[in-house]
Amino acid sequence: MKMDWISGAIDYGVIGILILFSITVVAIALERIMFYRSLEVMNFPDIKSLELALTEKLFVIGSIGSNAPYLGLLGTVLGIMLTFYNMGLDASMEPSKIMTGLSIALKATAIGLIVALVAVSVYNTLLRKVKVIMLQWEISHG
C-alpha cells in the first residue's frame with residue numbers, strides 16, 4: 001500500500017515529537033525550579049535584569065503548551081486519512097477494523113492534550129513564581 005508510511009509517521013513521528021516535547025517541558029521546569037531556589041535576588045541591580053533571568057526559557061514551555069494539541073490533531077487527521085484510505089481499498093471492511101483504526105488515530109490527540117495540559121500548568125506555575133520573586137525584589141528595593 002502507498003499509505004502505510006502514515007501509520008509509522010503517526011506512531012514514531014507525531015507521538016515521538018510529543019514525547020520529546022514532554023521531556024523538554026519537564027527538563028526546563030526542573031532547571032527553572034533549581035535556578036529559582038538558588039537565586040540571590042539582591043545580586044540584581046534592576047528589575048529588568050531580574051525579569052530577564054527569571055523568564056529565560058519559559059517561552060519554550062509556553063510554545064509547547066500552545067502547539068501540542070495541534071500536533072496531536074495532525075496525528076489524528078493522518079490516522080483518519082489512513083483509515084479512510086484502507087476503507088476505500090476494501091469496501092467490505094468490518095466495522096471493528098474501522099473503529100480500531102479511528103481509535104488508534106485519536107490517541108495522538110489524547111497525547112497532545114495531555115502534553116499541553118502539563119505544559120500550560122507548569123508554565124503558569126513558573127510564571128507565578130517569577131511574579132512573586134519580582135515583587136520580593138521590589139519590596140526589598142523600595
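Predicted model: local features only at pLDDT ≥ 70, side-chain atom pairs only at ≥ 80, totals over all residues.

User: Good. Now Thr83, which helix is it in, and is it buried or exposed?

Analyst: Thr83 belongs to helix α3. Its relative accessible area is 6%, so Thr83 is buried.

User: What does Thr83 contact, apart from its neighbours within four places in sequence?

Analyst: Thr83 is in contact with Ile98, Gly101 and Leu102, once neighbours within four places in sequence are left aside.

User: Let's switch to α2. How does α2 pack with α4?

Analyst: Helix α2, residues 47-55, packs with helix α4, residues 95-140, at an angle of about 160°. Their axes are 10 Å apart. The angle makes α2 roughly antiparallel to α4, and the crossing of these two helices is right-handed.

User: Which residues meet there?

Analyst: From α2 you have Ile47, Leu50, Glu51, Leu54 and Thr55. They meet Val130, Ile133, Met134, Trp137 and Glu138 in α4. By type, the contact of α2 with α4 has seven nonpolar residues, one polar and two charged.

User: I'm curious about Arg32. Where is it, and is it buried or exposed?

Analyst: Arg32 is in helix α1, which covers residues 4-38. Its relative accessibility is 2%, and the cut-off for buried is under 20%, so Arg32 counts as buried.

User: What polar partners does the side chain of Arg32 have?

Analyst: One is the side chain of Glu31, with a polar contact at 2.8 Å. Another is the backbone oxygen of Glu56, which lies 3.3 Å from a polar atom of the Arg32 side chain.

User: And which residues is Arg32 in contact with, leaving aside neighbours within four places in sequence?

Analyst: With those neighbours set aside, Arg32 is in contact with Ala53, Leu54, Thr55, Glu56, Leu58 and Leu126.

User: Now Lys107. Where is it, and how accessible is it?

Analyst: Lys107 sits in helix α4. With 32% relative accessibility, Lys107 counts as partly exposed.

User: What does Lys107 touch, not counting residues up to four places away in sequence?

Analyst: Lys107 touches Asp11 and Ile15 on that count. As for Leu73, Lys107 is 34 residues from it in sequence, while their C-alpha atoms are 9.5 Å apart in space.

User: Last one, Ser92. Where is it, and is it buried or exposed?

Analyst: Ser92 is in the loop between α3, residues 58-89, and α4. With a relative accessible area of 60%, Ser92 is exposed.

User: What does the side chain of Ser92 make a polar contact with?

Analyst: The partner is the side chain of Asp90, at 3.0 Å.

User: And how far is Ser92 from Ala108?

Analyst: Ser92 and Ala108 are 16 residues apart along the chain, and 27 Å separates their C-alpha atoms.

Note on methods. Residues numbered from 1 in each chain as written. Heavy atoms only, no water. Axes fitted to C-alpha atoms, helices over the stretch in contact; angles between N-to-C directions. Helix = DSSP H or I, 4+ residues; strand = E, 2+ residues; numbered from the N terminus. Parallel < 35°, antiparallel > 145°, perpendicular 65-115°, else oblique. Left-handed = near helix turned anticlockwise from the far one by under 90°. Contact = heavy atoms within 4.5 Å. Nonpolar A, V, L, I, M, F, W, Y, C, P; charged D, E, K, R; others polar. Buried < 20%, exposed > 50% of the residue type's maximum accessible area, 1.4 Å probe, protein only. Polar contact = N/O pair within 3.5 Å; in protein donor to acceptor, adjacent residues only side chain to side chain.
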